[in-house]
Amino acid sequence: MRHNLWVPLLAACMAMASAAETEAGLFCGSGRFRCCPLDTCGTMGDYCNARVNCGPSYKTVRETIMCTETYNECVTVYDTCVEKTPVTCQRVVYDTHYRDECYTVRKPVYKTCYRTQCYTVRVPHYKTCYRCVTQTIRKPVYKTCYRTVSYCRPVYKTCYRNQCYTVRIPEYKTCYRNVCVRSCKVDYKTCYRDVCQTVFRPVTTTQCVPVQCGEWKTVSETVPGECYEKCVQDPGTFCYDENSCCCVYKPGQTRRVMVQDPPRTICRKVWCPKTVNKTVTCTRMVPEVKTCKVPYTVCVRTPVCETKQVPYTTCTYRCETRTRQVPYTTCCMVRECKQVPYTTCTYTCEQVCRKVPYTTCTYTCETRTKQVPYTTCSYTCETRTRKVPYCVPRTVCETRYVTNVKRIPRQVSVTKTRCVPKTVCRQIPVCNDPCDACDVAGPACAAPCDTCDSVN
């Protein structure tokens with residue numbers, strides 16, 4: 001931002017300079033009166049003559065323009081790094097313990113009793129009567145008849161024919177050939193080698209060892225009594241009453257005071273540790289190396305070649321023609337007749353009288369007795385024990401992790417753009433007058449320019 005403040009100022013200055021140079025070159029330099037010839041500096045000078053005397057020429061003018069330039073700049077960038085640091089701290093942890101506390105409760109005891117109650121009921125008496133109902137029914141009459149039916153029955157007959165066939169009968173023969181069989185003869189030999197064995201021998205030592213033990217001792221402690229509020233009445237006074245003309249007793253003021261029960265002595269057992277030296281007998285095993293002879297068996301195989309007769313069987317076939325009986329079945333149809341039964345049904349009307357039952361009901365009043373239960377409740381005092389929790393503080397060391405945030409700087413190359421002034425040259429037309437030559441030559445022509453300025 002600081003580099004960009006001077007850019008507009010520099011551009012404004014360069015523009016003013018360029019405007020001055022441009023104004024001098026307008027109208028072929030006629031705008032500059034000090035650059036005109038002396039004969040034209042009068043009041044009524046000839047402007048056309050002065051323009052003719054100013055021949056056309058060009059002058060190199062330098063201008064400053066603003067160009068865009070890209071450059072690299074190192075910028076510091078901060079990276080956030082998070083690390084966890086272990087911190088050891090202590091905190092109080094409360095353990096819950098329980099102690100036995102006795103309290104008294106009133107336990108309800110329920111008892112079920114019965115009382116006699118009379119009530120009246122209506123007892124129904126049912127009686128079954130019968131009435132005769134006549135109805136007509138259709139009674140079926142079944143009759144079995146027979147008809148003759150003819151049918152064809154197949155009759156099967158088994159016959160036999162002779163058939164010739166050829167069979168191949170095998171003939172077996174046993175032969176023998178000599179075969180050389182290789183076998184191994186095994187010989188066993190017993191040898192001995194020396195083997196080192198480690199044997200553990202018990203060694204008994206006696207040493208004195210401290211043993212932690214203790215005993216329970218009964219300690220008496222005095223516990224202060226429980227504090228509670230109690231209503232106390234101050235002693236009254238006798239005052240004379242004018243209305244009744246006698247002394248009247250006025251009770252004292254009732255107030256609540258804190259009362260403490262007398263202290264009580266309790267006994268509790270305390271464990272008293274102590275260290276006792278005891279003589280302990282220790283048995284340890286001491287290794288010893290012994291050498292003994294261990295037998296082992298060596299097996300030696302000797303190859304042996306034997307010749308033996310191996311039987312083998314050969315088979316040859318001979319053809320033989322045989323005859324066998326082949327059965328076949330013939331069928332013929334024989335017509336027969338048989339009696340097939342069938343049933344016919346006819347109906348006959350018949351009057352039937354049947355008895356239909358019906359029930360009549362009458363009620364009679366009857367007094368009955370029932371036992372009505374009722375429950376009675378009585379309370380009994382009962383002592384119970386409950387667990388009362390209480391807290392015991394203890395200090396615990398623990399390790400926590402604290403998060404630390406760090407900023408780590410690093411250099412990053414960033415590409416930026418800026419405006420840079422640049423000088424360029426260009427040609428502009430100017431007049432050839434002696435004043436310009438004076439400007440180039442130096443102080444030799446200062447007088448004519450000064451004269452020209454004084455005339456003007």
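In the hairpin of strand 3 and strand 4, four residues lie between the strands, and C245 adopts a positive phi near 55°. The model described here is predicted. The protein chain averages a pLDDT of 78, and 82% of the residues score at least 70.

- By the rule of ring centres within 6.5 Å, the count comes to two aromatic pairs.
- For F238 and Y249 the ring centres are 5.1 Å apart and the planes stand at 55°, so the pair is tilted; planes over 60 degrees apart would count as edge-to-face, and those under 30 as stacked.
- This pair joins distant parts of the chain, since F238 is in strand 3 (residues 237–241) and Y249 in strand 4 (residues 246–250), 11 residues apart.
- F238 has a relative accessibility of 60% and therefore counts as exposed.
- Y249, at 45% relative accessibility, counts as partly exposed.

**Charges over aromatic rings**

- R386 lies over the face of Y103, at 4.4 Å from the ring centre.
- R418 places its charged end over the ring of Y71, 4.2 Å from the centre of that ring.

**Overall architecture**

- The secondary structure of the protein chain comprises four helices and six strands.
- Read from the N terminus, the elements follow the order α-α-β-β-β-β-β-β-α-α.
- Strand 1 covers residues 56–223, and strand 6 covers residues 264–431.
- Of the 456 residues of the protein chain, 9% count as buried.
- The accessible surface of the protein chain comes to about 38,100 Å², and carbon and sulfur atoms account for 54% of that area.
- Among contacts between residues at least 6 apart in sequence, 94% join residues at least 24 apart.

- C175 and T313 are 138 residues apart in sequence, yet their C-alpha atoms are 6.1 Å apart in space.
- Apart from neighbours within four places in sequence, C175 is in contact with V310, P311, Y312 and T314.
- Y160 also has its place in strand 1; at 54% relative accessibility, Y160 counts as exposed.
- Between the C-alpha atoms of Y160 and T329, which are 169 residues apart along the chain, the separation is 8.6 Å.
- Leaving aside neighbours within four places in sequence, Y160 is in contact with Q325, V326, P327 and Y328.
- T362 lies in strand 6, where a relative accessible area of 48% makes T362 partly exposed.
- The C-alpha atoms of T362 and Y126 are separated by 6.6 Å, although these residues are 236 residues apart along the chain.
- T362 touches V123, P124 and H125, with residues up to four places away in sequence not counted.

**Confidence of the model**

- Over residues 19–45, pLDDT stays under 50; for this stretch the model has 41 contacts beyond four places in sequence.
- Over residues 434–456, pLDDT likewise stays under 50, and here the model has 23 contacts beyond four places in sequence.

How values were computed
Residues numbered from 1 in each chain as written. Predicted model: local features only at pLDDT ≥ 70, side-chain atom pairs only at ≥ 80, totals over all residues. Heavy atoms only, no water. Phe/Tyr/Trp six-rings, centres within 6.5 Å; stacked < 30°, edge-to-face > 60°. Helix = DSSP H or I, 4+ residues; strand = E, 2+ residues; numbered from the N terminus. Buried < 20%, exposed > 50% of the residue type's maximum accessible area, 1.4 Å probe, protein only. Lys NZ or Arg CZ within 6 Å of the ring centre and 35° of its normal. Pairing = 2+ DSSP bridges. Contact = heavy atoms within 4.5 Å. Areas by Shrake-Rupley, 256 points an atom, 1.4 Å probe, with all protein chains shown as cover. pLDDT = per-residue confidence, 0-100.
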